[in-house]
Amino acid sequence: MEDFHSQISDSDSVLIVADDLNSFDKASAALGLFLHLKERGKTVEIYLSNGLRDEVKELFEQYEVSPISEIRGGNYTISVDYGSTGIEKVIWDKDEEAKKLIFQIVPGTGEFSFDNVQFEDGGKTYDLVVGLVVSNFQDLGEVYEKSEAVFKESNTVSIAREKGKGVDMFIEVDTDGSFSESVYKLLKSQEDGMEKEVVEILLNG
């Protein structure tokens, strides 16, 4: 458990990936963890691989938590060295039909070449990915394939009933156990405890 708390402390941006929140218990576990991380000042997003089910939709709306529709990739930077030419203006446009961003660079005086343009990977979107009811992220299929770099470049934790492959840390939920109770015990073990709202959500779950 200390390792999990260290993961949280060392992370600024967290993604929660929940497989099938088909019960009040699982939904409460996801919401409790989400709100706890948010209260800790983390940037946190939650992605539901099977969408938001009707039976738990009202619970998410009650706490104003909106799952993201797709997992964001990394950030990328385009830098232009205009020291020798100056820049008169930069125009950008979006070609919706071709799904392209178009940048037009109008240099000032002097010669300009593509040697002045650099493309860089701006860094990871998430530091930590927490899988809830997810044993193996690869089981997410197309979702995993589209965002493979996110899972490989981030620290990963799985809170599930069975241990899968490819995760850095596994937290087991007993066969007859409750996901809400497991998350409650996990967060309760922190030195600074939990917020009242989070406690209520998890205990109700």
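Trainee: How much space lies in the second largest pocket?

Mentor: Please keep in mind that this is a predicted model, and that the value here is a computed one. The space in the second largest pocket comes to about 170 Å³.

Trainee: Which element gives the most to the lining of the second largest pocket?

Mentor: The lining of this pocket is made up of 11 residues, and Glu172, Asp174, Glu181, Ser182 and Lys185 are those that lie nearest its centre. Two elements, β9 (169-172) and α6 (179-188), each give two or more residues to that lining. With four residues, the element that gives the most is α6.

Trainee: How many charged residues does the lining of the second largest pocket have?

Mentor: Sorted by class, this lining has four nonpolar and three polar residues. Its charged residues number four.

Trainee: Let us turn to the largest pocket: which element provides the largest share of its lining?

Mentor: About 270 Å³ of space lies in the largest pocket, and 12 residues line it, with Ile78, Val80, Phe103, Ile105 and Val117 nearest its centre. Two or more lining residues come from each of β3 (75-80), β4 (87-95), β5 (100-107) and β6 (117-123). The largest share, three residues, comes from β5.

Trainee: How many nonpolar residues are in the lining of the largest pocket?

Mentor: When the lining of the largest pocket is sorted by class, one residue is polar and no residue is charged. The number of nonpolar residues in that lining is 11.

Conventions: Residues numbered from 1 in each chain as written. Predicted model: local features only at pLDDT ≥ 70, side-chain atom pairs only at ≥ 80, totals over all residues. Heavy atoms only, no water. 1 Å grid on protein atoms, 1.4 Å probe; cavity = no way out; pocket = protein on both sides within 12 Å on 5 of 7 lines; lining within 4 Å. Points joined across faces, edges and corners; volume = space filled by probe spheres on them. Nonpolar A, V, L, I, M, F, W, Y, C, P; charged D, E, K, R; others polar.
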